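Here are some notes on the model, point by point. Please read them with the coordinates open.

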Amino acid sequence: MESLKQLINKCEGLAFDLNYTRAKQWKSEGDGRVLVGYMPIYFPREIIHAMNGLAVGILGGGDKKQIIRGDAYYQSYICHMPRGIIELALDGHFDQFDGFLFPSICDVIRNLSGMFRVLRKGKFVKYMDFPQNFQKHIGGEFFKYELMDIVDKISKINKVKFSPEKLNEGIQLFNKNRALINAVYGLRKKSPWKISADEVYSIIRAGYVIPVEEHNEILKKAIELLGSMDGEPMDKIRVMIIGAFCEQPPLSLIKTIEQAGCYIIEDDFLLGSKWIQGDVEAGTSDPVGAIVDAYLNKSTFSSTVYDVDNPKEVRMIKLFNESKADGIIFAAPSFCDPALLDHPILQSSCHDNDIRYISFLFSENTGQFKVIKEQVGTFSDSIKLWEGETVNLK
Ligand code: SF4
């Protein structure tokens, strides 16, 4: 039987395969199949699944792709991820992809969609506004219209007719996927010494580039293997990471945080895979409406969402308490406007609730972690030293 280590190695290979080999292989295995790349953060992959497609999460080149031409497309004072994505596009990594979706999260992503158009990548490129009005008859209708536009675009390519039954089937598969991801996170929260945060990360990230059915099998196997393990608890604090929802930290940064004395028990890495909190209603006669309802009513909090009626700082504190965390690490990509504009609000809320926190910036290709390791190590020590004492941060 495959060991947990072997499973994690396989997932790491899939997750960081910048040639998207498994996705391309899947496409070649059947007629009328399409690959649709989507940028962070969230897109309802169920829609692509229903149209005989595979939605492939594109997260940049990380620390695995040297940027040679990508820099020329952007000014210096923006985050790193889009340069990596352009580099991948220029080097032909997406050549078998049929279309690209750019969910509206910031101006950088908007501009990236324009560059894909200029470069004539894929058969369609769509910059997609997500509703910021959460009323069903306004934002809901708009979102439905946008999703059906994507259905039309794919149908023109592969001639597949939209079927509510197929979409309901996809909804069930992705509901299962989120439930299994939650189960892995649940095990990690309960016994974080059994599997490290970077290992969990690789397992979840593999799901961005393979069919959901295969990812569900991987998650089930991981849960089974974790259930049969013991392991020894270590003297570490429990932390929550906030701010890394779009550009992803390098794997070695996640490892560094844990080696410096922390268990990462909650985070916003790969946020799209856990965006919907709970299930999308399955088996209805209007499955697109069910996806829209889930977005309007079950979305997680994020800096990219206008949430005046449901403030993210309140939701962050609630999640912190539920996770039984000891502190928060605000880790945002350099020059990430959405994350950095929110940090003062979120940190002020930490002050009000006597929650200890630190913050630093990273970029997906950061290679030196000495300063971060010292900062996190000091944070961990200070919490351990004054454990149980209330620190008035006001
Ligand atoms: S990392 Fe931040 S600034 Fe960069 S594309 Fe993502 S949301 Fe935009």
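1. A residue counts as buried if 20 or more other C-beta atoms lie within 10 Å of its own, as exposed if 12 or fewer do, and as partly exposed in between, with C-beta atoms placed from the backbone. Helices (H or I, at least four residues) and strands (E, at least two) are DSSP runs, numbered from the N terminus. The buried residues of H14 are Ile372, Val376, Phe379, Ser380 and Ile383. They cover an arc of only 95 degrees around the axis, so they lie on the same side of H14; the arc is that of the directions from the helix axis to the C-beta atoms.

2. This is a predicted model, in which local features need pLDDT of at least 70 and side-chain atom pairs count only at pLDDT 80 or more, while totals for chains, interfaces and linings use all residues. Residues are numbered from 1 along each chain as its sequence is written.

3. Helix H14 (residues 370-385) has 16 residues and reaches 22 Å from its first C-alpha to its last, close to the 22 Å expected at 1.5 Å a residue. The expected span is 1.5 Å times one less than the number of residues. What do the buried residues of H14 pack against? Their partners are strand S5 (237-242), helix H10 (251-259), strand S6 (262-266), strand S7 (327-333) and strand S8 (356-362). Contact here requires C-beta atoms, placed from the backbone, within 7 Å.

4. Thr256 is in helix H10 and counts as buried, because it has 20 C-beta neighbours inside 10 Å. Leaving out residues up to four places away in sequence, Thr256 touches Phe369, Ile372 and Lys373. Ile372 is one of the buried residues of H14. Thr256 and Leu226 are 30 residues apart in sequence and 23 Å apart in space, C-alpha to C-alpha.

5. Helix H6 (residues 136-158) has 23 residues and should span 33 Å at 1.5 Å a residue; its end C-alpha atoms are 31 Å apart, which agrees. Phe143, Ile150 and Ile154 are buried in H6. The cover over the buried residues of H6 includes strand S1 (34-38), helix H3 (45-50), strand S2 (53-57), strand S3 (99-103), strand S4 (124-128) and helix H11 (287-298). After H6 comes Lys159, with a positive phi near 65 degrees.

6. Which residues are closest to the ligand? Of the 14 residues that surround the ligand, the closest are Cys79, Cys106, Cys246, Glu247 and Cys336. The elements giving two or more residues to this shell are helix H4 (81-90), helix H5 (107-118) and helix H13 (337-352). H13 gives the most, with 3 residues. The shell divides into 12 nonpolar, no polar and 2 charged residues. In that division Ala, Val, Leu, Ile, Met, Phe, Trp, Tyr, Cys and Pro count as nonpolar, Asp, Glu, Lys and Arg as charged, and the others, Gly among them, as polar.

7. The largest nonpolar core has 107 residues, of which Val56, Ile203, Val209, Val239, Ile264, Ile328 and Ile329 touch the most other members. Such a core is a set of buried Ala, Val, Leu, Ile, Met, Phe, Trp, Tyr and Cys residues joined through C-beta atoms within 7 Å. Beyond four places in sequence, Val209 touches Leu14, Ala15, Asp17, Tyr20, Arg22, Ala23, Val56 and Gly57.

8. Some backbone geometry deserves a check. Most residues other than glycine have a negative phi, and most peptide bonds are trans. Tyr20 has a positive phi of about 50 degrees and is found in the loop between helix H1 (4-15) and helix H2 (21-28). Tyr20 is buried, with 25 other C-beta atoms within 10 Å. Phi of Arg120 is also positive, near 55 degrees, in the loop between H5 and S4. Arg120 is exposed, with 8 other C-beta atoms within 10 Å. A cis peptide bond, with omega about 15 degrees, joins Pro40 and Ile41; Ile41 lies in the loop between S1 and H3.

Methods:
Contact = placed C-beta atoms within 7 Å. Near = placed C-beta within 6 Å.
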